[in-house]
Amino acid sequence: MGAPRYSRILLKLSGEALMGDQGSGIDPQTVKRLALEINDLCRIGVQIGLVIGGGNIIRGSEKASEGLDRVTGDYMGMLATVLNALAMQDALENLGQPVRVMSALKINQICEDYIRRRAVRHLEKGRVVIFAAGTGNPFFTTDSAASLRAIEINAELLIKATKVEGVYSADPLKDPNARFYPRLTYDEALDQRLNVMDATALVLCRDHNMPLRVMNVFEPGAVMRVVLGEDIGSLIQNR
């Protein structure tokens with residue numbers, strides 16, 4: 001195995017990635033598989049920040065459309081990301097990998113408060129840092145949280161792990177004629193309204209020159225291949 005191309009990354013996992021074949025919730029075997037891949041990255045010296053969505057438990061925006069107050073729904077979604085973060089922490093610690101969960105909301109009995117300098121120090125000491133509770137503010141997605149944290153910790157690459165191979169013009173699971181984009185600029189992704197991340201997340205990455213790799217989380221070893229420099233999935237960056 002060669003040397004990693006990136007020494008510090010931010011990995012964004014959707015909450016759905018933790019469901020496995022279940023319709024909702026957390027599948028322990030799926031979490032263990034993802035933890036094994038993250039642990040392998042740590043073993044070759046990669047510093048990892050991790051953001052996990054909460055869609056496997058609740059989506060605040062969806063509940064708002066059903067009549068729940070949007071702010072309340074978003075806070076419920078933030079708490080769902082904390083549940084996922086604790087599940088991943090447990091799986092990684094069972095492999096012997098040190099982990100810290102840092103929450104944008106104050107939940108001091110189970111998480112550390114998010115403090116940027118402390119997060120960077122944890123990374124430097126070889127600990128995986130899981131950033132929970134999004135940005136701590138309603139109306140912002142975990143994609144925006146991932147972009148923000150990647151910039152704050154000076155990550156060299158933001159990886160968004162999805163259920164498809166990369167960025168397409170439409171959902172390839174529904175449209176067999178969807179066009180695959182191996183390379184894109186942020187302006188192209190924004191102008192074409194491609195469903196990569198929400199606009200706030202893309203603008204943050206664009207304005208701070210943070211490269212984004214979109215790839216399939218369900219392909220075993222894919223994240224390792226990206227970190228070693230293999231060109232898989234879709235790369236979005238400024239020209």
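**A buried tyrosine and an enclosed strand**

Tyrosine 186 is buried, with a relative accessible area of 0%; buried means under 20% relative accessible area, exposed over 50% and partly exposed in between (1.4 Å probe, protein chains only). Keep in mind that this is a predicted model, where local features need pLDDT of at least 70, side-chain atom pairs count only at pLDDT 80 or more, and totals for chains, interfaces and linings use all residues. Residues are numbered from 1 along each chain as its sequence is written, and side-chain values use heavy atoms, with hydrogens and water left out.

**Around tyrosine 186**

- You can find tyrosine 186 in helix H6 (residues 186-191); helices (H or I, at least four residues) and strands (E, at least two) are DSSP runs, numbered from the N terminus.
- Leaving aside residues up to four places away in sequence, tyrosine 186 touches residues including Leu202, Met210 and Ile236, where contact means heavy atoms within 4.5 Å.
- The C-alpha atoms of tyrosine 186 and glutamine 109 are separated by 39 Å, and the two residues are 77 apart along the chain.

**Strand E5 and its cover**

- Five of the five residues of strand E5 (residues 128-132) are buried, so E5 is largely enclosed by the rest of the structure.
- In a regular strand, side chains alternate between the two faces of the sheet.
- On one side of E5 sit Val128, Ile130 and Ala132, on the other Val129 and Phe131, and all are buried.

**Partners of E5**

- Strand E2 (residues 47-52) runs parallel to E5, joined by three bridges; two strands pair if DSSP finds at least two bridges between them.
- Valine 51 stands opposite phenylalanine 131 in E5.
- Strand E3 (residues 99-103) pairs with E5 in the parallel sense over five bridges, and valine 99 stands opposite valine 128 in E5.
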